[in-house]
There are 2 protein chains.
Amino acid sequence: MYIGFDLGGTKMLAYLFDQDMNVIASQKLKTGSDRGPGLVAERIIDLTRTILADTNVNERSILGMGIAVPGVIDFDEGVVKQAPNLGMVEFPLARILRQELPFPIYLDNDVNAGTWGEYRRGAGRGYRHVLGVFPGTGIGGGLILDGKLYRGAGGAAGEIGHMIIQPGGTICGCGQEGCLEALASRKAMSKDALGMVAAGVLPAGFEDYGTDLAAYTSSFFLKAETAGIPEIQAITERAARYLGMGIANLVNLLNPECVIIGGGLVEKLGESYRSAVERSMRAHAMAYPGNAAAVVAASLGDDAVPVGAAMLASDSG
Amino acid sequence: MYIGFDLGGTKMLAYLFDQDMNVIASQKLKTGSDRGPGLVAERIIDLTRTILADTNVNERSILGMGIAVPGVIDFDEGVVKQAPNLGMVEFPLARILRQELPFPIYLDNDVNAGTWGEYRRGAGRGYRHVLGVFPGTGIGGGLILDGKLYRGAGGAAGEIGHMIIQPGGTICGCGQEGCLEALASRKAMSKDALGMVAAGVLPAGFEDYGTDLAAYTSSFFLKAETAGIPEIQAITERAARYLGMGIANLVNLLNPECVIIGGGLVEKLGESYRSAVERSMRAHAMAYPGNAAAVVAASLGDDAVPVGAAMLASDSG
């Protein structure tokens, strides 16, 4: 059996898998990252022991545990180099956990884990060169090159959100102008939609959505698409066009067989959004490798991250 | 001993190397690509036999031959998939040569070969994650990831020239707008310089450079820099800024230890150009991995391609 952890800034999720990576149980706990990295490590140990106790599984049955972390990870050393949402800097998480837990423990970046999950068990099966692109608050990227996760010299590879594709364009949270994330993330779309509502040009049912950015979720965009609100559809189409342009740059550079797009926005908007991204990719990439790259929707949903984390433990063991 | 070939659209160069990759001899011949790929193959065989005969080297002393080709190559099969300047499409060049030449023969893309040469024998020694960036007529790119040349699913990886970084920007030869190549190549600089001369704003010695784009070489830009012509210096600085921005996107994505910039422009303009590219890279990349990537000038000059081709044969044998 394997354990896959999705360690978020506010909550952590633990999944217990059988050897075929079927989910046997899952549990969650608050991360408590405001109380220091030591406490986070303790809670990981507690939640691991709880899920094993509740399922009557002996820890000797566990062949490995993978932990997906939102940050820059040294995979070989099991060190969290930087994870702002967890308050960790150069934190030797795997070493601490190994003092209490007797099985092999692997850490990786959460987008890497999600991409690996889709590659091994989801939409990326059967390919060897796969890019994962996940638009949400930011835009995460994972690179599977020649059947292996590519992590770069220091574990930071796959950072596609701050690819500059419009110098002088919309300002990004990172301080640069025209980053992909500032143009094509769900958050960028939310800002534009909020502005449209504030301008008072939308019909009833949309005109009073309010000034809280948090209200402009993927569901909002689905609702607007279903209702046929052209002003909001234009925002979605523009974001899909920029995302496809960014993916075209990646396809030209890396010549993959498959680009998996995933996350809440892709799940909610479905085929219309996927096909808009694909059209833009093909319009902006070179004929080859553009026409050699499939653009597919992720298929595992939120399970991609814990499945990928567990598979990384399984594949690395 | 090894043979390294630099197979260009107009001429081919053959180099004979000893086992330490010192050049023993080199010879050249017109490629004759207008007379069909079969003739090009014959000329490669002829030139190989000539250089061996002239140096009294028996073909049994040759451990391998590497051929650098301007196009998309299937390295494993030794097939030139597309090389417009050679008139080759899906051409099984290695198989044809092996019928006449008894040693192992490897084909690769010319920019891959040049990057490999710099990695193994030039400015990239000692690193494992190296990007090669060569601004010239276009902008070529080579990727060495974890100590290996990354060729992508179909041999086309490394295509950085058509990375779109300014939608709606300068039109590119490929038909897109705002490709890196249209903004930052030596050819883009030449077009801008020609326009500046045509505008009649330059001092004596530059005002009558003429309307032939071919006159605006890397030497022209060096001459203008030495003479301190601000209008031309601004063109160079702008191109260096865009090149650094494109490299920042690559550094964010691939987290390399080293970016090698090379080609005639880098050789002519030297440190002022290299440092301008580096400054722009650091200004546009994320703090990490931006500060972890060195930006260095290539050190092998024109030898990088044949040395890299021969090294590929040696390293693959």
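Predicted model: local features only at pLDDT ≥ 70, side-chain atom pairs only at ≥ 80, totals over all residues.
**Salt bridges within the chains**

Side chains of opposite charge can pair when their charged atoms come close.

| Salt bridge | N to O distance |
|---|---|
| Asp146(A) and Arg128(A) | 3.2 Å |
| Arg49(B) and Glu100(B) | 3.1 Å |
| Arg238(B) and Asp192(B) | 3.9 Å |

In chain A, Asp146(A) forms a salt bridge with Arg128(A), and this pair links distant parts of the chain, with Asp146(A) in the loop between β10 (139–145) and β11 (148–149) and Arg128(A) in the loop between α3 (110–121) and β9 (130–135), 18 residues apart. Both partners are partly exposed, Asp146(A) with a relative accessible area of 37% and Arg128(A) with one of 44%.

In chain B, Arg49(B) pairs with Glu100(B); because Arg49(B) lies in helix α1 (residues 37–54) and Glu100(B) in the loop between α2 (93–98) and β8 (105–109), the pair ties together parts that are 51 residues apart in sequence. Arg49(B) is partly exposed at 37% relative accessible area, and Glu100(B) likewise counts as partly exposed, at 40%.

The side chains of Arg238(B) and Asp192(B) also meet in a salt bridge, and since the former lies in helix α7 (residues 230–254) and the latter in helix α5 (residues 186–198) of chain B, parts that are 46 residues apart in sequence are tied together. Elsewhere, in chain A, salt bridges that share partners join Glu271(A), Arg274(A), Glu278(A) and Arg282(A) into one network.

**The interface between the chains**

Contact between the chains involves 41 residues of chain B and 41 residues of chain A, and together the two chains bury about 3,100 Å², of which 61% is on carbon and sulfur atoms. Tyr150(B), Ile164(B) and Leu253(B) supply 20% of the area that chain B buries against chain A, more than any other three residues.

Between chain B and chain A the count is zero salt bridges, whereas 21 residue pairs are found in polar contact across the interface. On the side of chain B that touches chain A, at least two residues each come from β6 (79–83), β10 (139–145), α7, α9 (271–284) and α10 (287–290) of chain B, and α7(B) gives the most, with seven residues. By class, this side of chain B has 22 nonpolar, 13 polar and six charged residues.

Definitions and conventions:
Residues numbered from 1 in each chain as written. Chains lettered and ligands numbered in written order. Heavy atoms only, no water. Salt bridge = Lys/Arg side-chain N within 4 Å of Asp/Glu carboxyl O. Helix = DSSP H or I, 4+ residues; strand = E, 2+ residues; numbered from the N terminus. Buried < 20%, exposed > 50% of the residue type's maximum accessible area, 1.4 Å probe, protein only. Contact = heavy atoms within 4.5 Å. Buried area = accessible area lost by both parts, 1.4 Å probe. Polar contact = N/O pair within 3.5 Å; in protein donor to acceptor, adjacent residues only side chain to side chain. Nonpolar A, V, L, I, M, F, W, Y, C, P; charged D, E, K, R; others polar.
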